[in-house]
Amino acid sequence: MLSWAVTFLIIAIIAALLGFSGIAGTAVNIAWILFVVGLVLALVFFVIGRRPPA
């Protein structure tokens with residue numbers, strides 16, 4: 001998930017340098033959403049993995 005966020009961030013930076021503001025804005029939004037989702041999933045799996053075996 002975080003690798004996709006980095007990929008979209010790189011696409012956004014390249015698009016911004018080339019002047020494609022609409023594409024850059026969209027790519028930044030996608031990267032931000034993927035980063036937040038990945039972070040939430042990582043925290044959830046971290047908490048679940050800390051439980052003692054039942």
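Phe8 counts as partly exposed, at 22% relative accessibility; the class lies between buried (under 20% relative accessible area) and exposed (over 50%), with a 1.4 Å probe and protein chains only. The model is predicted: local features need pLDDT of at least 70, side-chain atom pairs count only at pLDDT 80 or more, and totals for chains, interfaces and linings use all residues. Residues are numbered from 1 along each chain as its sequence is written, and side-chain values use heavy atoms, with hydrogens and water left out.

Phe8 sits in helix α1. Neighbours within four places in sequence aside, Phe8 is in contact with Ala27, Ile30, Ala31 and Leu34. Contact here means heavy atoms within 4.5 Å. Phe8 and Leu18 are 10 residues apart in sequence. Their C-alpha atoms are 15 Å apart in space.

Thr7 also belongs to helix α1. Its relative accessible area is 36%, so Thr7 is partly exposed. From Thr7 to Ile30 the C-alpha separation is 10.0 Å, across 23 residues of chain.

Gly25 is found in helix α2. Gly25 is partly exposed, with a relative accessible area of 33%. Gly25 and Ala12 stand 13 residues apart in sequence, and 6.9 Å apart in space from C-alpha to C-alpha.

The protein chain has 2 helices and 0 strands. These elements are DSSP runs, numbered from the N terminus: helices are H or I with at least four residues, strands E with at least two. Helix α1 covers residues 2–18 and helix α2 residues 21–49. The two pack at an angle of about 160°, with their axes 8 Å apart. Therefore α1 is roughly antiparallel to α2. Axes are lines fitted to C-alpha atoms, for helices over the stretch in contact, and angles run from 0 to 180 degrees between N-to-C directions.

In α1, the residues include Leu2, Trp4, Phe8, Ile11 and Ala12. Among their counterparts in α2 are Ile23, Ala27, Ile30, Leu34 and Gly38. By class, the contact of α1 with α2 has 18 nonpolar, 1 polar and no charged residues.

The overall dimensions follow. The C-alpha atoms of the protein chain fill a box of roughly 55 × 15 × 10 Å, taken along the principal axes. The radius of gyration is 16 Å, whereas a compact globule of 54 residues would have one near 10 Å. That radius is taken over C-alpha atoms, and the globule rule is 2.2 Å times the number of residues to the power 0.38. Buried residues make up 15% of the 54 residues.

Conventions
Parallel < 35°, antiparallel > 145°, perpendicular 65-115°, else oblique. Nonpolar A, V, L, I, M, F, W, Y, C, P; charged D, E, K, R; others polar.
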